[in-house]
Amino acid sequence: MAAHATRQRGKKAVEAAPTRKRLSAEARKSSILKAARRAFTETGDMNGTTIKLIAARSGISEGVIYRHFESKDQLFIEAVVEPLRLAVDELVAATEAVDRDQPLTPERQVETMQGLYRQLISTLEEVLPLLGLVLFGDPKVARRFYRENLAVAMDRLGAAWQAVEDRYGVAPGAQDITARAVMGMALMLALDSHHAARFDRARSISLISEGTVNGFFPKLEPALLRR
């Protein structure tokens, strides 16, 4: 009788034990990238951050990491690339649909620019420590990252903006340079947000959006010069 009761309790315990949900390959890769970002950020050193440490942070074996990433270099670059790529994907999609429901007005242009800057600043601030390591570390890694990822991201944004302007009959401009200027300003505001003692995000985004759409400097007339 006692043995039967013990077996029944054991059976119920097994039945009640929660089953671990198996992660998809994409979800597993994403969790590894998050753990890698934490590890690289904490050490502030690509060479000093080992796969073993990243495995410990993500709670999986080193072998599993190597099934998803060929090397630590690839993992390091993708740890920075992934949030940047996702942000650009969202920005390009938003740009493509910006006038789907109604034509753009100057006011909506500024609102759209504010959303773009909010997204870019948040993303750049998230990867700021890693961005510094990849761009100012090994020159070969920096060149590869810039050419294959950062430059491509800016070109995609520029092309999306040009497509919108084409619909309004605006003559082709230098949107590739415009995209780089916007990315540069977003990076500086991300640095301000990260390091400055006081940073008014709402004010900064409002002013930089107005400036991007309408121009930062007034046209100066010689006749108005105060002597």
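Student: Which residues of helix 5 meet which residues of helix 6?

Tutor: In this predicted model, P83, L84, A87, E90 and L91 of helix 5 meet L116, Q119, L120, T123 and E126 of helix 6. By class, the contact of helix 5 with helix 6 has six nonpolar, two polar and two charged residues.

Student: What makes helix 5 roughly antiparallel to helix 6?

Tutor: Two packed helices are described by the angle between their axes and the distance between the axes. For helix 5 (residues 72–96) and helix 6 (residues 106–126) the angle is about 175°, and the axes are 10 Å apart. Angles over 145 degrees count as roughly antiparallel, and so helix 5 is described as roughly antiparallel to helix 6.

Student: Why is E90 called partly exposed?

Tutor: E90, which has its place in helix 5, has a relative accessibility of 47%. Buried means under 20% and exposed means over 50%, with partly exposed in between, so E90 at 47% counts as partly exposed. The C-alpha atoms of E90 and L116 are separated by 9.4 Å, while the two residues are 26 residues apart along the chain.

Student: Why are helix 2 and helix 7 called roughly perpendicular?

Tutor: Helix 2 (residues 25–43) and helix 7 (residues 128–135) pack at an angle of about 75°, with their axes 9 Å apart. The range for roughly perpendicular is 65 to 115 degrees, and helix 2 and helix 7 are therefore roughly perpendicular to each other. In this contact, R37, F40 and T41 of helix 2 meet P129, L130 and L133 of helix 7, and by class these residues divide into four nonpolar, one polar and one charged.

Student: How do you know that G132 is partly exposed?

Tutor: G132 lies in helix 7, and its relative accessible area is 28%. G132 and A142 are 10 residues apart in sequence, and their C-alpha atoms are 9.7 Å apart in space.

Student: What makes T49 buried?

Tutor: T49 lies in the loop between helix 2 and helix 3 (51–58), and its relative accessible area is 0%. Buried means under 20%, so T49, at 0%, is buried. Leaving aside residues up to four places away in sequence, T49 touches A39, F40, T43, I54 and K72.

Student: How do you know that the side chains of T49 and T43 make a polar contact?

Tutor: The distance between them is 2.4 Å, and a polar contact requires a pair of N or O atoms within 3.5 Å, where one must be able to donate a hydrogen and the other to accept it. The side chain of T49 is accordingly listed as making a polar contact with the side chain of T43.

Student: Is S204 buried or exposed, and what value decides?

Tutor: S204, found in helix 10 (residues 201–214), has a relative accessible area of 15%. The cut-off for buried is under 20%, and therefore S204 is called buried. A polar atom of the S204 side chain lies 2.9 Å from the backbone oxygen of D200. Not counting residues up to four places away in sequence, S204 touches L189 and F199.

Student: Why is R67 called exposed?

Tutor: R67 has its place in helix 4 (residues 62–68), with a relative accessible area of 66%. Exposed means over 50%, so R67 at 66% is exposed. The C-alpha atoms of R67 and K29, which are 38 residues apart along the chain, are separated by 9.5 Å.

Student: Which class does E148 fall into, and why?

Tutor: E148 is found in helix 8 (residues 139–167), and because its relative accessibility is 49%, E148 counts as partly exposed.

Student: How many helices and strands does the whole protein have?

Tutor: The protein has 10 helices and zero strands. Of its 227 residues, 34% are buried. Among contacts between residues at least 6 apart in sequence, 67% join residues at least 24 apart.

Conventions:
Residues numbered from 1 in each chain as written. Predicted model: local features only at pLDDT ≥ 70, side-chain atom pairs only at ≥ 80, totals over all residues. Heavy atoms only, no water. Helix = DSSP H or I, 4+ residues; strand = E, 2+ residues; numbered from the N terminus. Buried < 20%, exposed > 50% of the residue type's maximum accessible area, 1.4 Å probe, protein only. Contact = heavy atoms within 4.5 Å. Axes fitted to C-alpha atoms, helices over the stretch in contact; angles between N-to-C directions. Parallel < 35°, antiparallel > 145°, perpendicular 65-115°, else oblique. Nonpolar A, V, L, I, M, F, W, Y, C, P; charged D, E, K, R; others polar.
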